[in-house]
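Here are my notes on the model, point by point. Please keep the structure open while reading.

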Amino acid sequence: MPREKGRKVVASNRKARHDYAILDTYEAGMALTGTEVKSLRAGRASLVDAFAQEKGGELYLYGMHIPEYVQGTWTNHEPRRTRKLLLKRLEIDRLIGKLQESGLTLVPLSVYFSDGWAKVELGLGRGKRAYDKRQDLAKRDADREINRAMGRRRKGMG
């Protein structure tokens, strides 16, 4: 069977971009069991409350929920287990250095298959405060209103 090409998104964390100002993004592989991969291929995963953290010089993903595989037997996995992230040593060291800075955290933005391999997109972000979120919402509403007015003007209605 030929390997699949392209990028197939399984789950995305839309709230992460709302709660964090994303400074940089990274692509990492994940150490998964067979039933986890099958469950992901079925399009089932949740990144709500998930985060990445350093432990013993390695990066791990905590709180990601991959439901048990329906056809799995006693070999099924634990849905919220800690999963090791696979990155190059240089990237891990650089990320750990940045995480030592105050206020920076690693948040998973999406889980997807890239050329058949399960990957997670991590965002290095700083938490937004309530007023930052309000400013973003106000800016988005203003942009939407501007686009609406421009569209009416192009159609000759305004």
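**Notes on the predicted model**

1. Start with methionine 64. Methionine 64 sits in the loop between strand S4 (58-62) and strand S5 (83-86). Helices (H or I, at least four residues) and strands (E, at least two) are DSSP runs, numbered from the N terminus. This is a predicted model, in which local features need pLDDT of at least 70 and side-chain atom pairs count only at pLDDT 80 or more, while totals for chains, interfaces and linings use all residues. Residues are numbered from 1 along each chain as its sequence is written, and side-chain values use heavy atoms, with hydrogens and water left out.

2. Is methionine 64 buried or exposed? Methionine 64 counts as buried because its relative accessibility is 0%. The cut-offs are under 20% relative accessible area for buried, over 50% for exposed, and partly exposed in between (1.4 Å probe, protein chains only).

3. What does methionine 64 contact, leaving aside its neighbours within four places in sequence? Its partners are Met30, Leu40, Ser46, Leu47, Ala50, Pro79, Arg80, Arg83 and Val111. Contact means heavy atoms within 4.5 Å.

4. Methionine 30 belongs to strand S2 (residues 20-30). Methionine 30 is buried, as its relative accessible area is 7%. Not counting residues up to four places away in sequence, methionine 30 touches Leu40, Leu61, Met64, Lys84, Leu85, Leu86, Val111, Ala118, Lys119 and Val120. Methionine 30 and leucine 87 are 57 residues apart in sequence, yet 8.9 Å apart in space, C-alpha to C-alpha.

5. On the overall layout, the protein chain has four helices and seven strands. From the N terminus on, their order is β-α-β-α-β-β-β-α-β-β-α. The radius of gyration is 19 Å, well over the 15 Å that the globule rule gives for 158 residues, so the chain is more spread out than a compact globule. That radius is taken over C-alpha atoms, and the rule is 2.2 Å times the number of residues to the power 0.38. Along the principal axes, the C-alpha atoms fill a box of roughly 65 × 40 × 25 Å.

6. Of the 158 residues, 33% count as buried. Among contacts with a separation of 6 or more, 69% join residues 24 or more positions apart.

7. Helix H4 (residues 130-154) has 25 residues. From first C-alpha to last, H4 reaches 36 Å, close to the 36 Å expected at 1.5 Å a residue. The expected span is 1.5 Å times one less than the number of residues. Glycine 156 follows H4, with a positive phi near 80°. Alanine 130 lies in H4 and is partly exposed, at 48% relative accessibility. Between alanine 130 and alanine 42 the C-alpha distance is 36 Å, at 88 residues apart in sequence.

8. Please check two aspartates. Aspartate 49 has a positive phi, near 65°, in a residue other than glycine. Aspartate 49 lies in the loop between helix H2 (34-41) and strand S3 (51-55), and counts as exposed at 65% relative accessibility. Aspartate 115 also has a positive phi, near 50°. Aspartate 115 is in the loop between strand S6 (104-114) and strand S7 (117-127), and is partly exposed, with a relative accessible area of 35%.
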